[in-house]
Amino acid sequence: MPERRLNVNKALELSKHITAYVGFDSEGEKNFAEALQGANEVLIFAKLPRKLKIPTPVGSYAPDWAIVFEDGTVRHVFFVAETKGSLDKMELRGIEEAKTECAKKLFNSISTNTTRYGVVDKFENLSNIINGIV
(Lines give C-alpha, C1' and ligand atoms only; values in the text may rest on other atoms or scores of the structure.)
Protein backbone atom coordinates (compact mmCIF):
# COMPACT_ATOMS: atom_id res chain seq x y z
CA MET A 1 0.00 0.00 0.00
CA PRO A 2 1.48 3.39 -0.96
CA GLU A 3 2.31 5.83 1.81
CA ARG A 4 -0.32 8.53 2.29
CA ARG A 5 1.21 11.98 2.13
CA LEU A 6 0.11 14.91 4.23
CA ASN A 7 -1.53 17.72 2.26
CA VAL A 8 0.10 20.89 3.64
CA ASN A 9 -3.04 22.87 2.80
CA LYS A 10 -5.00 20.59 5.13
CA ALA A 11 -2.52 20.36 8.01
CA LEU A 12 -1.81 22.19 11.24
CA GLU A 13 1.40 22.42 13.22
CA LEU A 14 0.48 21.64 16.82
CA SER A 15 2.67 21.04 19.87
CA LYS A 16 0.15 18.88 21.79
CA HIS A 17 -0.44 16.44 18.92
CA ILE A 18 1.63 13.24 18.99
CA THR A 19 3.25 14.31 15.72
CA ALA A 20 4.39 17.78 14.72
CA TYR A 21 1.59 18.10 12.17
CA VAL A 22 -1.97 16.84 12.03
CA GLY A 23 -4.04 16.51 8.87
CA PHE A 24 -7.72 17.34 8.88
CA ASP A 25 -10.58 16.32 6.60
CA SER A 26 -12.98 19.17 7.34
CA GLU A 27 -13.22 22.59 8.94
CA GLY A 28 -14.92 20.89 11.89
CA GLU A 29 -11.88 18.65 12.45
CA LYS A 30 -9.54 21.62 12.04
CA ASN A 31 -11.49 23.65 14.61
CA PHE A 32 -11.60 20.67 16.99
CA ALA A 33 -7.80 20.18 16.75
CA GLU A 34 -7.21 23.89 17.37
CA ALA A 35 -9.50 23.77 20.41
CA LEU A 36 -7.65 20.72 21.78
CA GLN A 37 -4.36 22.55 21.26
CA GLY A 38 -5.64 25.58 23.18
CA ALA A 39 -7.27 23.69 26.07
CA ASN A 40 -5.23 23.81 29.27
CA GLU A 41 -6.65 20.50 30.47
CA VAL A 42 -5.49 18.60 27.33
CA LEU A 43 -2.05 17.02 27.80
CA ILE A 44 -1.68 15.30 24.41
CA PHE A 45 -3.92 14.09 21.60
CA ALA A 46 -3.83 12.10 18.38
CA LYS A 47 -5.83 12.07 15.17
CA LEU A 48 -6.21 8.33 14.82
CA PRO A 49 -5.21 6.73 11.50
CA ARG A 50 -8.09 5.60 9.29
CA LYS A 51 -6.61 2.13 9.14
CA LEU A 52 -7.33 1.72 12.87
CA LYS A 53 -10.69 0.01 12.53
CA ILE A 54 -13.02 -1.52 15.07
CA PRO A 55 -15.32 -4.27 13.81
CA THR A 56 -19.03 -3.75 14.50
CA PRO A 57 -22.06 -5.77 13.41
CA VAL A 58 -22.78 -3.13 10.75
CA GLY A 59 -19.24 -2.72 9.36
CA SER A 60 -15.85 -1.44 10.42
CA TYR A 61 -15.67 1.82 12.33
CA ALA A 62 -12.73 4.22 12.74
CA PRO A 63 -12.84 6.74 15.62
CA ASP A 64 -11.29 10.15 14.94
CA TRP A 65 -9.36 11.13 18.07
CA ALA A 66 -7.66 9.88 21.23
CA ILE A 67 -7.22 12.55 23.90
CA VAL A 68 -5.32 12.50 27.20
CA PHE A 69 -6.24 15.06 29.82
CA GLU A 70 -4.06 16.34 32.65
CA ASP A 71 -4.58 14.02 35.61
CA GLY A 72 -6.61 15.71 38.32
CA THR A 73 -8.10 18.47 36.16
CA VAL A 74 -10.97 16.39 34.80
CA ARG A 75 -12.71 13.22 35.89
CA HIS A 76 -11.78 11.17 32.81
CA VAL A 77 -8.20 10.94 31.67
CA PHE A 78 -8.52 9.27 28.25
CA PHE A 79 -11.24 9.89 25.72
CA VAL A 80 -11.84 8.44 22.25
CA ALA A 81 -13.87 10.93 20.25
CA GLU A 82 -15.74 10.86 16.98
CA THR A 83 -16.22 14.35 15.55
CA LYS A 84 -19.20 15.04 13.37
CA GLY A 85 -20.19 18.26 11.64
CA SER A 86 -23.65 17.91 13.14
CA LEU A 87 -25.08 15.88 15.99
CA ASP A 88 -28.56 15.99 14.47
CA LYS A 89 -29.51 12.36 13.94
CA MET A 90 -31.48 13.37 10.84
CA GLU A 91 -28.22 14.50 9.23
CA LEU A 92 -26.25 11.34 10.05
CA ARG A 93 -26.58 8.51 7.57
CA GLY A 94 -28.27 5.44 9.03
CA ILE A 95 -25.22 3.19 8.73
CA GLU A 96 -22.95 5.87 10.19
CA GLU A 97 -25.27 6.34 13.15
CA ALA A 98 -25.42 2.55 13.69
CA LYS A 99 -21.61 2.30 13.64
CA THR A 100 -21.18 5.10 16.19
CA GLU A 101 -23.83 3.52 18.45
CA CYS A 102 -22.02 0.15 18.25
CA ALA A 103 -18.69 1.85 19.00
CA LYS A 104 -20.24 3.71 21.93
CA LYS A 105 -21.51 0.43 23.42
CA LEU A 106 -18.13 -1.26 22.87
CA PHE A 107 -16.01 1.53 24.33
CA ASN A 108 -18.32 2.13 27.26
CA SER A 109 -18.43 -1.62 28.04
CA ILE A 110 -14.63 -1.68 28.35
CA SER A 111 -14.38 1.75 29.95
CA THR A 112 -13.01 2.39 33.37
CA ASN A 113 -13.55 5.47 35.45
CA THR A 114 -10.77 7.08 33.37
CA THR A 115 -11.78 6.07 29.82
CA ARG A 116 -14.80 7.29 27.88
CA TYR A 117 -16.09 7.49 24.30
CA GLY A 118 -18.38 10.08 22.76
CA VAL A 119 -19.63 11.68 19.57
CA VAL A 120 -19.15 15.44 19.56
CA ASP A 121 -19.28 18.25 17.05
CA LYS A 122 -17.06 20.72 18.91
CA PHE A 123 -14.71 20.93 21.88
CA GLU A 124 -17.33 22.55 24.13
CA ASN A 125 -19.50 19.42 23.87
CA LEU A 126 -16.49 17.22 24.66
CA SER A 127 -15.72 19.33 27.68
CA ASN A 128 -19.32 19.02 28.87
CA ILE A 129 -19.20 15.21 28.56
CA ILE A 130 -15.84 14.99 30.32
CA ASN A 131 -16.99 17.19 33.16
CA GLY A 132 -20.25 15.26 33.56
CA ILE A 133 -22.53 18.14 32.56
CA VAL A 134 -24.23 16.17 29.78
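**Notebook: contacts, cores and helices of a predicted model**

I began with isoleucine 44, which touches Lys16, His17, Ile18, Ala66, Ile67 and Val68 when residues up to four places away in sequence are not counted; contact here means heavy atoms within 4.5 Å. I noted that this is a predicted model, in which local features need pLDDT of at least 70 and side-chain atom pairs count only at pLDDT 80 or more, while totals for chains, interfaces and linings use all residues. Residues are numbered from 1 along each chain as its sequence is written, and side-chain values use heavy atoms, with hydrogens and water left out.

**Entry 1: isoleucine 44.** I located isoleucine 44 in strand β3. Strands (E, at least two residues) and helices (H or I, at least four) are DSSP runs, numbered from the N terminus. I found isoleucine 44 partly exposed, because its relative accessible area is 34% and the class lies between buried, under 20%, and exposed, over 50% (1.4 Å probe, protein chains only). Isoleucine 18 is 26 residues from isoleucine 44 in sequence, yet their C-alpha atoms are 6.7 Å apart in space.

**Entry 2: the whole protein.** I recorded three helices and six strands, in the order β-β-α-β-β-β-α-β-α from the N terminus. The protein has 134 residues, of which 37% count as buried. Among contacts with a separation of 6 or more, 52% join residues 24 or more positions apart. I read an accessible surface of about 8200 Å², with 53% belonging to carbon and sulfur atoms; such areas come from the Shrake-Rupley method with a 1.4 Å probe, and for residues only the protein chains shown count as cover.

**Entry 3: the strand pair.** I saw that β3 and β4 pair in the antiparallel sense over five bridges; pairing requires that DSSP find at least two bridges between two strands. Phenylalanine 45 stands opposite isoleucine 67 in β4. Of the five residues of β4, four are buried.

**Entry 4: the cores.** Which residues touch the most other members of the largest nonpolar core? I listed Phe32, Leu36, Val42, Phe45, Trp65, Ile67 and Leu126, in a core of 17 residues. At least two residues of this core come from each of α1 (27-38), β3 (42-47), β4 (65-69) and α3 (123-130). Apart from it I found another core of five residues, including Ile54, Ala103, Phe107 and Tyr117. A nonpolar core is a set of buried Ala, Val, Leu, Ile, Met, Phe, Trp, Tyr and Cys residues joined through side-chain atoms within 4.5 Å.

**Entry 5: helix α1.** I noted Glu29, Phe32, Ala33 and Leu36 as the buried residues of α1. Seen down the axis of α1, they fall within an arc of 100°, so they line one face of the helix; the arc is that of the directions from the helix axis to the C-beta atoms. Glu27 and Gly38 are exposed on the other side of α1.

**Entry 6: helix α2.** I looked up α2, residues 94-110, whose buried residues are Glu96, Thr100, Ala103 and Phe107. These lie within an arc of 60° about the axis of α2, so they line one face of the helix. On the other side of α2, I found Gly94, Lys105 and Ser109 exposed.

**Entry 7: phenylalanine 24.** I placed phenylalanine 24 in the loop between β2 (21-23) and α1. Is phenylalanine 24 buried or exposed? Phenylalanine 24 counts as buried because its relative accessibility is 9%. Leaving out residues up to four places away in sequence, I listed its contacts as Asn9, Lys10, Ala11, Leu12, Glu29 and Lys30.
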